[in-house]
Amino acid sequence: MGFFDCLIRETFALCRSVEPFMIRRVMGEVDVKLGIRQALAKIDEAFAKRSETIKAPKPLLVAVSKTKPVDLILDGYSIGQRDFGENYVQELIEKAHDAKILEHCKDIRWHFIGHLQSNKINKIVNLPNLYMIETVHNAKLAESLNKAWEKVKADKPDSSKLNVLIQINTSGEDEKNGTNPAEAVNLYRFVTEKCPNLNCHGVMTIGRFGHDYSTGPNPDFIELMKCHADICSTFEKDPEEVQVSMGMSDDFVQAIEMGSTIVRVGSSIFGARAKKTEA
């Protein structure tokens, strides 16, 4: 039996026993601090259950604060949460420059996890405390980010490389961005060999929503882990050095059990949110 067959069997058994991740509220308001503590506890539990055949570090929690007020970010930061994710460029610009964030959250690390248009690259690369772009979905965007970051480094010589992940469209849905899984190795090669100002940390997927785990592991997670394995094999990388960003509020536990090293958790921490369209 191959590695992935064993992994699928083990994960299927674990997935069936996972209890739903609950949102607790205090006096009608979301308790962000409790939400983060619960998420971290779930991460610890899932990490402990993960198969020993998966060589990957303990996952990083990215608290997805899109459409949520700055005060809730301050709450999370106050108990040690440092990594926050935003989907919309304009909203991230406003939050990154917010006076309270700049004063009280000096070590915050912003992850951009939404679709990035080329005409908005210059707006985002100059933000304070930008840590990572998780959604580099093609060579054109990578090249544009590389050029933009070169200008940032010219103005700020102490700047390091810009951290990025390549986004893979594992579900094949037209409405989702990301390169085809078959092109993952080529895109990774382009970023690492042709974009000297970028530091490609690994791969990311959003995947299809609403997977029924009673039927087995999420096929999008399986596909992304195959992309991860292909990259590690092709470039002779230690699997622990190549990050895997997959899993959100509804399925981050299962994602960790499959090998995720970055989970993006929003509603389980900040509560449900209204849909928003980027201007």
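Predicted model: local features only at pLDDT ≥ 70, side-chain atom pairs only at ≥ 80, totals over all residues.
Contact here means heavy atoms within 4.5 Å, and helices (H or I, at least four residues) and strands (E, at least two) are DSSP runs numbered from the N terminus. Residues are numbered from 1 along each chain as its sequence is written, and side-chain values use heavy atoms, with hydrogens and water left out.

**Helix H7**

- The N-terminal end of H7 is capped by Asn138, a side-chain oxygen of which lies 3.3 Å from the backbone nitrogen of Lys140.

**Helix H9**

- H9 spans residues 219-234, with 16 residues and a reach of 22 Å from first to last C-alpha, close to the 22 Å expected.
- Asp220, Phe221, Ile222, Leu224, Met225, Cys227, His228, Ile231 and Cys232 are the buried residues of H9.
- At the start of H9, the backbone nitrogen of Asp220 has a side-chain oxygen of Asn218 within 2.8 Å.
- Glu236, which follows H9, has a positive phi near 50 degrees.

**Lys66**

- An unreviewed UniProt entry annotates Lys66 as "modified residue: N6-(pyridoxal phosphate)lysine"; UniProt positions are given in the numbering used here, feature names are shortened, and annotations may be inferred rather than shown by experiment.
- Lys66 lies in the loop between strand S3 (60-64) and helix H3 (70-78), and counts as buried because its relative accessibility is 19%.
- Beyond neighbours within four places in sequence, Lys66 is in contact with Gly85, Glu86, Asn87, Tyr88, Glu91, Lys95 and Arg273.

**Ser245**

- Ser245 belongs to strand S9 (residues 243-245) and is buried, at 0% relative accessible area.
- The side chains of Ser245 and Glu134 are joined by a polar contact of 2.8 Å (a pair of N or O atoms within 3.5 Å; within protein, one must be able to donate a hydrogen and the other to accept it, and residues adjacent in sequence count only if both atoms are side-chain atoms).
- Not counting residues up to four places away in sequence, Ser245 touches several residues, including Leu165, Val203, Leu224 and Arg264.

Conventions
Expected span 1.5 Å × (residues − 1). Buried < 20%, exposed > 50% of the residue type's maximum accessible area, 1.4 Å probe, protein only.
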